Amino acid sequence: MKKTVLLLLALSVSLITKAQENKEAYAIADKKYKTKVTTLDSTINTLYEVISGPKGQDRNDELLRYLFHPEAKFIASGKRKNGSYGARYVTMNSYVEKSLKWMVENGFFEKELYRVTERFGHIAHVFSTYECFNGKEDQEPFMRGINSIQLMYTGKRWVVMNIYFTQESEENPIPGKYLPKK
């Protein structure tokens, strides 16, 4: 019984310490980045900027984490080899470890082509059409698709709750209403 109580006490102290460290880290990040999340436009623009960069250039994962709610997910969806459609849920830590690493190794620029925004009170949904390049000077994208970005306004700033996205394919082209008007 004493061991259980001591274990619970140690766990509680550890969780409180971790929460305090997170709060302090957030306060520091808030001072550095709060102007990047004051409007929907600045938040979406910062999202595209923070993941984009040339081969070999580190990405600012501190800013990336600041943009997102701590429980946010990246949700990739698409057609599976068996013909059905599915989704893969990726945590922020996994995204930073795998996707950002790939972006640095290969160069990655994601550019927004068009946006449709819906807002109700403190929640917003942004349908953001994108195209991706390995280099800033590339003329043809290697991929296009749509990001469905859910956001919340906290009263002080916008925070990304999730990004749910899919790539364009021959059988699933981007509809004209989600492309720039010519």
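## The largest pocket

The largest pocket has 33 lining residues, and those nearest its centre are Ala76, Tyr130, Met143, Phe165 and Gln167. A pocket here is an open set of points on a 1 Å grid over the protein atoms alone, where a 1.4 Å probe fits, with protein on both sides within 12 Å along at least five of seven lines; lining residues have an atom within 4 Å of a point. Two or more lining residues come from each of helix H2 (40–51), E1, strand E2 (85–91), H4, E4, strand E5 (143–153) and strand E6 (158–167). Helices (H or I, at least four residues) and strands (E, at least two) are DSSP runs, numbered from the N terminus.

The space in this pocket comes to about 760 Å³, a volume being the space filled by probe spheres set on the points, which are joined across faces, edges and corners. Its lining divides into 18 nonpolar, nine polar and six charged residues. Nonpolar covers Ala, Val, Leu, Ile, Met, Phe, Trp, Tyr, Cys and Pro; charged covers Asp, Glu, Lys and Arg; the others, Gly among them, are polar.

## About the model

What you see is a predicted model, in which local features need pLDDT of at least 70 and side-chain atom pairs pLDDT 80 or more, while totals for chains, interfaces and linings use all residues. Residues are numbered from 1 along each chain as its sequence is written, and side-chain values use heavy atoms, leaving out hydrogens and water.

The whole structure holds eight aromatic pairs. Rings of Phe, Tyr and Trp (its six-membered ring) pair if their centres lie within 6.5 Å; planes under 30 degrees apart count as stacked, over 60 as edge-to-face and the rest as tilted. One of the pairs, Phe68 with Phe74, is tilted, at 4.9 Å centre to centre and 40° between the planes. Phe74 also stacks with Tyr95, at 3.8 Å and 5°. Phe74 belongs to strand E1 (residues 68–79) and Tyr95 to helix H4 (residues 92–106), so this pair ties together parts 21 residues apart in sequence.

Are its members buried or exposed? Phe68 is buried at 4% relative accessibility, Phe74 is buried at 5%, and Tyr95 is buried at 9%. Buried means under 20% relative accessible area, exposed over 50%, and partly exposed in between (1.4 Å probe, protein chains only).

Strands E3 (residues 109–120) and E4 (residues 123–133) run antiparallel, joined by 11 bridges; two strands pair if DSSP finds at least two bridges between them. Thr117 has Val126 in E4 as its bridge partner. The hairpin has two residues between the strands, and Gly121 takes a positive phi near 60°.
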